[in-house]
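Reader: I have a structure open and a few things to check. Can we go through it together?
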Amino acid sequence: MRAIHMRLSSSFRPILLLDFVVSCSPPPRQFSIPRRLICAAANGGGRSGSIVAAPLVVTEEDFQKKIDVNPPKGTRDFPPEDMRLRNWLFNHFKEVSRLYGFEEVDYPVLETEALFIRKAGEEIRDQLYCFEDRGNRRVALRPELTPSLARLVIQKGKSVSLPLKWFAVGQCWRYERMTRVRRREHYQWNMDIIGVPQVTAEAELISSIVTFFKRIGITASDVGFKVSSRKIENIPIDEIKKELGFTGMSEDAIEQLLQVLSVKSLDDLEDILGGAGEAIADLKQLFSLAEKFGYSEWIQFDASVVRGLAYYTGIVFEGFDRKGKLRAICGGGRYDRLLSTYGGDDIAACGFGFGDAVIFELLKEKDLLPELGQEVENIVCALDKDLQEAAATVATALRDKGQTVDLVLENKPLKWVFKRAARVNARRLGRWFGQCEGVVFR
């Protein structure tokens with residue numbers, strides 16, 4: 001008899017706390033598994049549940065069934081051809097970040113659940129992959145990177161000198177409805193500047209994204225940036241939106257909302273607001289800096305851009321495809337009061353997040369994805385099995401010089417080796433007859 005103990009729980013859907021006791025009996029080879037199942041209530045905060053006893057019989061035939069070879073719903077495999085494209089994209093993310101003087105950081109994929117609930121509120125629970133670990137701690141797979149950034153900045157405290165210019169490329173998990181460009185896991189590129197209160201920080205971040213777009217062949221006619229500010233507070237947009245749900249709402253309120261949301265000019269906005277002070281000044285400075293950075297044709301003012309996260313405190317921006325077929329490509333803004341959410345001292349900060357899903361769709365649509373095949377500098381083969389050890393010595397010598405080598409590990413005919421060389425785009429073929437003879441392909 002063997003006991004298997006697995007303890008998991010979920011806060012957003014009915015799964016799982018299982019205790020298995022497995023016993024084996026003689027033929028007909030059946031396994032009797034008394035099962036205790038605690039189901040978390042999806043709409044009850046995920047903490048309470050009911051116990052259901054359900055005996056489970058597993059036969060030998062069950063063990064012989066073929067498992068589902070597809071990845072879990074909403075996730076992806078990355079075979080070599082897809083991995084080459086992913087690395088190509090990520091290398092551009094990282095190279096642009098380094099061009100702008102940013103340092104790379106990373107955080108645990110698994111964080112405490114409270115880290116995300118503190119920032120986004122209880123409503124985030126339904127989108128978290130979260131559970132209780134064996135130490136009875138509530139943990140979650142990260143749905144985004146910014147809370148981890150805030151945690152690390154607070155942890156480092158005064159041991160680091162401001163400003164911080166950090167970037168990360170990490171996998172994020174979010175249980176939500178899937179679409180063509182929305183999965184339950186994705187990779188995200190974040191760049192953040194901590195300790196700079198001036199609009200120059202936002203201008204630099206947008207410049208870095210424009211640089212990235214240019215490197216991969218995207219132009220200002222393909223994408224743009226909508227820019228606004230969360231400091232425009234004397235227009236009660238949230239209150240007006242609430243009024244839309246009630247009968248007898250003010251027509252003036254509706255007209256005001258539509259008027260503001262249709263504004264595409266800073267001058268027009270200034271006329272409507274009667275001079276909004278700091279917000280207008282920040283936006284004007286950003287547009288002036290955009291001209292100096294050389295990307296003024298990429299950005300436009302749009303008062304409807306507020307971004308979905310409440311912690312933004314100033315300028316916000318969103319990258320979009322000009323054909324309007326895709327959701328936002330990227331987005332970010334200023335979040336000067338985020339650190340106090342976690343008990344730290346507030347520090348001026350801004351940043352952006354850039355996911356991998358939408359940009360891949362855009363590159364496909366524009367036919368801009370590169371064709372990336374495997375590339376190997378050398379193929380080394382022995383045409384006699386007695387010379388395999390000598391071929392291994394040659395391969396090692398080439399690798400010691402920093403050259404890539406595909407060593408043919410079996411005794412294959414030369415015709416097969418030539419086909420292999422073409423398939424991996426090898427530059428040279430080394431054939432071992434007792435001495436090495438080289439064939440240069442290119």
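This is a predicted model: local features need pLDDT of at least 70, side-chain atom pairs count only at pLDDT 80 or more; totals for chains, interfaces and linings use all residues.

Reader: Which residues does UniProt list for "binding site"?

Author: The unreviewed UniProt entry gives E144, L145, T146, R174, Q188, D192, R307, Y311 and Y312 under that heading.

Reader: Where is D192 found?

Author: D192 belongs to strand 12, which covers residues 185-194.

Reader: And is D192 buried or exposed?

Author: D192 has a relative accessible area of 5%. Buried means under 20%, so D192 is buried.

Reader: What is D192 in contact with, leaving aside neighbours within four places in sequence?

Author: Its contacts are F102, L149, L164, K165, W166, Y335, C350, G351 and F352.

Reader: Is C350 buried or exposed, then?

Author: C350 is buried, at 0% relative accessibility. C381 is buried too, at 1%.

Reader: Changing topic. At what angle do helix 2 and helix 10 cross?

Author: The axes of helix 2 (residues 80-99) and helix 10 (residues 356-365) cross at roughly 105 degrees and come within 12 Å. Angles of 65 to 115 degrees count as roughly perpendicular, so that word applies to this pair.

Reader: Which residues make the contact?

Author: Helix 2 contributes L85, R86, W88 and L89, while helix 10 contributes D356, I359, F360 and L363.

Reader: How many of them are nonpolar, polar and charged?

Author: The contact of helix 2 with helix 10 has 6 nonpolar and 2 charged residues, with no polar ones.

Note on methods. Residues are numbered from 1 along each chain as its sequence is written. Side-chain values use heavy atoms; hydrogens and water are left out. UniProt positions are given in the numbering used here, feature names are shortened, and annotations may be inferred rather than shown by experiment. Helices (H or I, at least four residues) and strands (E, at least two) are DSSP runs, numbered from the N terminus. Buried means under 20% relative accessible area, exposed over 50%, partly exposed in between (1.4 Å probe, protein chains only). Contact means heavy atoms within 4.5 Å. Axes are lines fitted to C-alpha atoms, for helices over the stretch in contact, and angles run from 0 to 180 degrees between N-to-C directions. Angles under 35 degrees count as roughly parallel, over 145 as roughly antiparallel, 65 to 115 as roughly perpendicular and the rest as oblique. Ala, Val, Leu, Ile, Met, Phe, Trp, Tyr, Cys and Pro count as nonpolar, Asp, Glu, Lys and Arg as charged, and the others, Gly among them, as polar.
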